[in-house]
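Trainee: Could you take me through how the features of a model like this one are read?

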Amino acid sequence: MHVFLKIVTFSCFLLFSLFAFSAVEEVVLPPILDYYPNCEYQVIKETSVIGMAKAQQMAKTTKRLLNQLQQKAIDAGANGVIIIDKKIEDINVLDEKGGQQQIRFFAKLIV
């Protein structure tokens with residue numbers, strides 16, 4: 001009986017430790033604003049991201065690029081991202097699935 005209690009106690013301790021350290025803090029990404037704020041704000045950095053996509057991958061690539069802008073905002077200490085330009089350019093690389101496009105977002109990181 002004594003050994004059984006030690007095993008149960010050790011198991012509970014082990015499980016508690018795993019749950020305590022597996023809780024990962026969720027990172028809140030700065031919002032991508034579709035407007036200029038009415039309050040005072042400061043542009044701390046202008047930046048851009050670039051990616052390549054085929055037509056069927058456009059939405060996935062766009063989401064990845066916007067996420068990269070948000071990550072850059074975190075790194076710069078920004079509270080928000082304002083997209084100032086988006087350029088899509090056809091690239092002359094053709095294969096059996098069609099051509100590729102280069103997508104570029106230009107943004108201001110603000111506080």
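The dialogue below goes from the overall fold to one helix and then to one lysine.

Mentor: This is a predicted model, in which local features need pLDDT of at least 70 and side-chain atom pairs count only at pLDDT 80 or more, while totals for chains, interfaces and linings use all residues. Residues are numbered from 1 along each chain as its sequence is written, and side-chain values use heavy atoms, with hydrogens and water left out.

Trainee: In what order do the elements of the protein run from the N terminus on?

Mentor: Helices (H or I, at least four residues) and strands (E, at least two) are DSSP runs numbered from the N terminus. Here there are two helices and four strands, and their order is α-β-β-α-β-β.

Trainee: How does the span of helix H2 compare with what it should be?

Mentor: The expected span is 1.5 Å times one less than the number of residues. For the 19 residues of H2 (residues 58-76) this gives 27 Å, and the end C-alpha atoms are 27 Å apart, which agrees. Just after H2, Gly 77 takes a positive phi of about 80°.

Trainee: Which residues of H2 are buried?

Mentor: Buried means under 20% relative accessible area, exposed over 50% and partly exposed in between, with a 1.4 Å probe and protein chains only. In H2 the buried residues include Met 58, Leu 65, Leu 69 and Ala 73, and 23% of the 111 residues of the protein count as buried.

Trainee: Which side chain of opposite charge is nearest to Lys 108?

Mentor: Lys 108, in strand E4 (residues 98-110), is buried, and the nearest such side chain is Glu 46, 4.6 Å away. Lys and Arg count as positive and Asp and Glu as negative, with His and the chain ends not counted.

Terms used: A salt bridge is a side-chain nitrogen of Lys or Arg within 4 Å of a carboxyl oxygen of Asp or Glu.
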